Amino acid sequence: MSAVDKKSARSSFPRFFDTAAPPDVPVSWINRLGLKSSLFCWLLAIVLLILVVYPFVVLLVASFYTGQPGNLGRFTLRSYEAWLESWDLLPILANSVIFATARLVIGLSFALLFAWAVARTDVPYARSMNWLIPVPFFVPDLLTGISWLMLGNPQNGLINILAADWFGIREPVINLYGWGGLIFHASLGTISFMFLMLVGFFKTMDASYEEAAITLGANKYRAMLTITLPMLTPAIMSVSMLVFIHGLESFENPLLFGNPGGVYLFSNEIYRMLAYRHPPQYGSATALSILLILTTFALLSLQWRRVAGRQFTVVTGKGYRPGKLKLPNLVRWTIFGLFVLYFVLAIVIPVGQIVVNSFFPIFGFYQWDIMTLDNWRNVFKDQKAINGMRNTIIYSAAAASVVVVIGGLIGYIRVRTTHWLGRYLELAAWAPWTLPGIVMGLALLWAWALPPEPFNLYGTALVIIIGFVVKGLPLGAATMQSSIHQISPELDECSRVHGGSWLKTAAYIWGPLLRRGAVATFVIVFAVAARDLTIPLLLYQGGTETLTVALLSYYEQGKLGVLAVIALIQLGLVFLLLLLDRFVKGDED
């Protein structure tokens with residue numbers, strides 16, 4: 001297998017790791033607006049500086065001061081000295097690395113198996129698998145995590161209660177607090193996300209390489225190990241590094257499963273300093289945040305160095321055709337059985353528990369004669385729940401719409417122009433992916449509590465929307481850029497030759513061709529925002545809470561019936577998103 005030149009076909013993976021120069025295409029539509037292209041690029045760069053760079057500059061500065069958000073206080077190095085001079089940082093770092101590694105290994109193993117089976121083999125019900133495996137990605141970790149703790153916490157988990165009532169077992173038969181529950185639950189969502197990122201590569205890879213290996217005597221499995229996986233190595237490495245970094249910054253799982261079991265990772269340690277220390281230790285929290293940022297950037301730098309300059313052709317323009325490998329029945333049905341087990345654990349059991357609990361007044365007492373709709377009635381009388389539903393829809397939709405626009409502009413400049421800022425706009429769009437949600441929330445808290453009025457946005461809905469925009473920008477911009485890259489520049493040129501203005505080109509060519517990409521971007525960003533806990537948890541004030549904040553609040557108060565109803569409402573939003581996505585895509589899968 002050999003490296004190819006810069007004109008090799010691009011994959012759907014974000015161009016963040018692509019070192020090739022974009023094509024030399026003019027930006028006449030920008031000029032027709034009366035703006036010079038360079039001025040337009042600079043305006044977009046300023047927007048990204050304000051949204052992405054400014055909060056983290058403020059966070060870095062704040063880590064050297066003693067004050068609280070809105071008041072820097074006096075300069076000090078004590079916050080860093082406290083971490084670097086003690087041994088407290090080492091167990092947190094070790095726990096975070098162990099968790100991120102275990103989550104990655106399990107997730108990658110199953111994601112590769114499922115992606116290969118769905119895209120390259122005749123596994124049963126491949127279309128259903130292709131649609132159902134990504135579903136857990138759209139379901140909030142907070143929701144399924146709370147559901148599993150209803151079943152498996154050592155004090156009053158339903159499984160332990162049933163074991164005591166039916167079999168007289170007094171000791172817990174399952175304990176999801178600590179390492180076991182932490183890795184188990186985190187791996188379920190990781191499989192879904194990695195499948196979503198990798199399956200497209202398997203679908204677009206030229207099958208002739210595998211067929212050539214089989215013709216020369218290799219069996220199907222050897223062809224997969226020696227041909228398929230090595231060809232996809234750059235994509236697998238890139239996705240794996242992003243997932244590993246995401247494991248270092250994970251928050252919901254460590255909060256639910258780690259804290260009660262005494263397992264502390266970076267993110268939940270930062271949150272403990274802010275939520276459970278009086279007064280909040282902002283200095284130590286910001287210093288630890290900067291140390292985590294430095295760690296993630298060091299890992300990304302290593303990844304860039306390894307991937308830079310390495311490109312592999314997986315789709316050729318000559319003789320390309322996707323193929324399906326025929327597997328023995330035992331292998332086919334074993335893979336399908338693993339998928340069923342995965343889906344049951346990731347969706348059926350936790351969602352089933354939530355559904356059942358929503359119709360009973362007391363958790364664990366499930367009898368027909370006490371079924372009730374009171375939980376549903378109480379939710380629609382509860383102002384916090386009403387605010388959470390309204391705010392989640394408004395904030396997520398607003399953020400998703402903004403990301404579609406910004407992501408489309410970044411993609412156009414990067415793909416259709418040669419302006420030197422395009423590369424840096426892309427880097428700025430991807431930067432938030434490397435940063436923990438809890439750190440992002442803390443950075444936004446500092447950044448928008450510091451300016452004077454009217455720029456002080458702390459406690460407003462706008463700062464939460466800004467947080468959601470920053471959170472969704474990496475995946476949203478990558479999706480829009482991928483869609484733009486698939487549109488040939490010849491279509492623009494053809495429109496101009498026939499007298500079409502940029503408005504007509506946008507309306508009749510770009511609009512229809514980008515419809516699927518725009519909807520996919522909207523769905524992804526809406527889902528990312530609607531399921532996010534860390535940003536609204538640090539930024540909300542009374543009346544601006546989201547559904548995830550309401551879920552955590554009811555969980556801490558022990559109101560599990562109301563919690564179940566809110567969780568189902570949130571799942572309804574997810575279901576509507578998936579229906580919208582499938583409606584737009586049609587039968588393309």
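Helices (H or I, at least four residues) and strands (E, at least two) are taken here as DSSP runs, numbered from the N terminus. The model is predicted, so local features need pLDDT of at least 70 and side-chain atom pairs count only at pLDDT 80 or more, while totals for chains, interfaces and linings use all residues. Residues are numbered from 1 along each chain as its sequence is written, and side-chain values use heavy atoms, with hydrogens and water left out.

A cavity is a set of points, on a 1 Å grid over the protein atoms alone, where a 1.4 Å probe fits but cannot get out; its lining residues have an atom within 4 Å of a point. Grid points are joined across faces, edges and corners, and a volume is the space filled by probe spheres set on the points. The model holds 4 cavities of 30 Å³ or more, and the largest cavity contains about 580 Å³. It is lined by 26 residues, of which Phe137, Asp141, His246, Lys471 and Arg531 are the closest to its centre. Helix H9 (179-204) is among the elements giving two or more residues to this lining, and H9 supplies the largest share, 5 residues.

Helix H25 (residues 547-557) can be visited next. Of its 11 residues, 8 are buried (under 20% relative accessible area, with a 1.4 Å probe and protein chains only). The buried set comprises Leu547, Thr548, Val549, Ala550, Leu551, Leu552, Ser553 and Tyr554. After H25 comes Gly558, with a positive phi near 80°.

Terms used. Buried < 20%, exposed > 50% of the residue type's maximum accessible area, 1.4 Å probe, protein only. 1 Å grid on protein atoms, 1.4 Å probe; cavity = no way out; pocket = protein on both sides within 12 Å on 5 of 7 lines; lining within 4 Å.
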